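Dear colleague,

Please find the structure below, with my notes after it. Could you read the notes against the coordinates?

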Amino acid sequence: MAKTNPKVTARKKRVQRIRVKISGTAERPRMSVYRSNRHIYVQLIDDAQGRTLVALSTDDKAFDSSELNGKCEKAKKIGLLIAAKAKAAGIDKVVFDRSGYLYHGRVKALSDGAREGGLEF
């Protein structure tokens, strides 16, 4: 049986602690971030109904990263794009869920981009 990575286990514990305190509604959805080694994913989730309202990632075919250098620049661009999609869906305010990741690097760049795009959190 494979051993679990202690970093992954510690992050999952942080996620559980955070999720007890925050949840999303239709008026103020939860902006959840997932960060892999190569890509970053973000979704706006209505936890009351259990629906994803808006989702975007660097893995999407519609996302063009040809002129961007580095993962932080891509994350900031995703933040700007998710803010534009949220505005189109009538969402102005969100609850930020960093999913147990430290608030620096790509996670911070994504949230800064979303704030620049007009989302409030």
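Ile 78 touches Ile 40, Val 42, Leu 56, Ser 57, Thr 58, Phe 63 and Leu 110, leaving aside residues up to four places away in sequence; contact here means heavy atoms within 4.5 Å. The model is predicted, so local features need pLDDT of at least 70 and side-chain atom pairs count only at pLDDT 80 or more, while totals for chains, interfaces and linings use all residues. Residues are numbered from 1 along each chain as its sequence is written, and side-chain values use heavy atoms, with hydrogens and water left out.

Ile 78 also belongs to the largest nonpolar core, which has 23 residues. Such a core is a set of buried Ala, Val, Leu, Ile, Met, Phe, Trp, Tyr and Cys residues joined through side-chain atoms within 4.5 Å. Buried means under 20% relative accessible area, exposed means over 50%, and partly exposed is in between (1.4 Å probe, protein chains only). The members that touch the most others are Met 31, Val 33, Val 42, Leu 44, Ile 78, Leu 110 and Leu 119. Two or more residues each come from β1, β2, β3, α2 and α3, and α2 gives the most, with five. Helices (H or I, at least four residues) and strands (E, at least two) are DSSP runs, numbered from the N terminus.

Next, the charged residues. A salt bridge is a side-chain nitrogen of Lys or Arg within 4 Å of a carboxyl oxygen of Asp or Glu, and the count comes to eight. One of them pairs Asp 47 with Arg 30, with the closest N and O atoms 2.9 Å apart. This pair links distant parts of the chain, 17 residues apart: Asp 47 is in the loop between β2 (40-46) and β3 (51-57), and Arg 30 is in strand β1 (residues 30-35). Arg 30 is buried at 7% relative accessible area, whereas Asp 47 is partly exposed at 24%.

Glu 116 and Lys 76 form another salt bridge, again with closest N and O atoms 2.9 Å apart. Glu 116 lies in helix α3 and Lys 76 in helix α2 (residues 71-88), so the pair ties together parts that are 40 residues apart in sequence. Glu 116 is exposed, at 52%, and Lys 76 is partly exposed, at 32%.

Within helix α3, Arg 115 and Asp 112 sit three residues apart, about one turn of the helix; their salt bridge has its closest N and O atoms 4.0 Å apart. Salt bridges with shared partners also join Arg 19, Arg 30, Asp 47 and Asp 97 into one network.

Which side chain of opposite charge is nearest to Arg 106? It is Asp 59, 12 Å away, and Arg 106 is buried without a salt bridge (Lys and Arg count as positive, Asp and Glu as negative; His and the chain ends are not counted). Arg 106 lies in helix α3 (residues 106-116). A polar atom of the Arg 106 side chain is 2.9 Å from the backbone oxygen of Ser 36. The residues that Arg 106 touches, beyond four places in sequence, include Arg 35, Asn 37, His 39 and Lys 71.

Lastly, there are four aromatic pairs. Rings of Phe, Tyr and Trp (its six-membered ring) pair if their centres lie within 6.5 Å; planes under 30 degrees apart count as stacked, over 60 as edge-to-face and the rest as tilted. Tyr 34 and Tyr 41 have ring centres 5.9 Å apart and planes at 40°, so this pair is tilted. Ring pairs link Tyr 34, Tyr 41 and Tyr 101 into a cluster.

Regards

Notes. A polar contact is a pair of N or O atoms within 3.5 Å; within protein, one must be able to donate a hydrogen and the other to accept it, and residues adjacent in sequence count only if both atoms are side-chain atoms.
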